[in-house]
Amino acid sequence: MTDRSARRRPPAWDATPAVATDAEGTLGGGLAPTPEPDLVQLLTPEGERVDHDTYSVDLTTDQYRQLYRDLVLVRRIDAEAIALQRQGELGIWASLLGQEAAQIGSGRALEKDDYVFPTYREHGVAWCRDVDPLHLLGLFRGVNLGGWDPNEKNFHLYTIVIGAQTLHATGYAMGVQRDGAESAVIAYFGDGAISQGDVNESFIWASVYNAPVVFLCQNNQWAISEPVERQSRIPLYQRARGFGFPGVRVDGNDVLAVYAVTKAALQDAREGNGPALIEAYTYRMGAHTTTDDPTRYRIADEVEAWKLKDPIARYRRFLEQNGHADESYFTSIDQESDEVAARLRKGCRELPDPAPLSLFDNAYAEPHVLLDEERAQFAAYLDSFAGADDGHGGHASTEG
């Protein structure tokens, strides 16, 4: 069994950052931002394969095709969810448009026994863990809290509190370490969350206890309306070094590069070499959520520039140039995406509303006096509507 408490060795994939200097080459006292470092990249924006000194991916044609299918179907699920929200079927939706490669690449790098702690935007990772997209819609429709079994899927329920899941992931990883299990934990968060106290505390605990956890920051450039420059004066991945573990920046729109980097980091964690921070450098093509208007704080030229780096178009060109897929394959995936969208649309509208009093179910494992009192008070409140005309010729119902 691996001794996870042993002193960690520097992993081969560690990207050592340069020290910022001033014009004379001395340490910069003015805290001037360092130049943007190169990204780990295996595909150019034009879809051409490039070599990297540390990372490589050698998949079968079927595996290459599977990644494309994942990317397309997840984007279609996202588009359908936005449409459903606009039609009043969902209360809100957090889009992943533009971040598909960061999620699919990392999600497919996971082993079966690895455990995931997501935010509220990891629809692509959920797809990779076989979570039914209808469960995601149920959460945003307000009829359940997610609906999937985290222990079955090794995919935790969505976390709405910004950054809180990194502490959960670190604690879980420490448990994995003490159990002697040969698995790793991964925590997802955005660039805005890296400024949260919870995230920085999780970095400390993970580093000091050498926990087998990978922190994956999807730097989509905007924390709602605040640009990433308001979060850090240095590239985000370099923050890991201050906590004593390695960090690396990967092209988040390159599904193969994200796959390779995440796979290496997770394997390093399993082997007892401690935590790591991956900064997936990507872009949020849409709004923060369906309640947001990004045109109020970012310019159209920026969005257009990132469209040229679209992860799906890039990957499709790679498949075409290397003979992994032809037009008939792409057509079949488009047809499948139509079928997935139709199933989601129908399934969403048929999701049953929960009975109001079920709110109190499973809150505690054992009977709880205060909870019983609150249930009784809420039941009395609902009963007060019994027989009242609801304005439409009917009566209010307590059955949801």
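Contact here means heavy atoms within 4.5 Å. Helices (H or I, at least four residues) and strands (E, at least two) are DSSP runs, numbered from the N terminus. The model is predicted, with local features requiring pLDDT of at least 70 and side-chain atom pairs counted only at pLDDT 80 or more, while totals for chains, interfaces and linings use all residues. Residues are numbered from 1 along each chain as its sequence is written, and side-chain values use heavy atoms, without hydrogens and water.

In H1, Arg-65, Tyr-68, Val-72 and Glu-80 are among the residues that meet H12, where the partners include Tyr-329, Phe-330, Ile-333 and Asp-334. By class, this contact of H1 with H12 comprises twelve nonpolar, two polar and eight charged residues (Ala, Val, Leu, Ile, Met, Phe, Trp, Tyr, Cys and Pro count as nonpolar, Asp, Glu, Lys and Arg as charged, and the others, Gly among them, as polar).

Beyond its neighbours within four places in sequence, Tyr-68 is in contact with Ile-312, Tyr-315, Arg-316, Leu-319, Tyr-329, Phe-330 and Ile-333. Tyr-68 is also one of the residues with the most contacts inside the largest nonpolar core, which has 70 residues. Such a core is a set of buried Ala, Val, Leu, Ile, Met, Phe, Trp, Tyr and Cys residues joined through side-chain atoms within 4.5 Å, where buried means under 20% relative accessible area (1.4 Å probe, protein chains only).

Helix H6 (residues 164–179) has buried residues including Ala-169, Ala-173 and Val-176. The buried residues of H6 pack against strands S1 (115–117), S2 (185–190) and S3 (213–219) and helix H7 (197–208). Gly-180, with a positive phi near 75 degrees, follows H6.

Note on methods: Buried means under 20% relative accessible area, exposed over 50%, partly exposed in between (1.4 Å probe, protein chains only).
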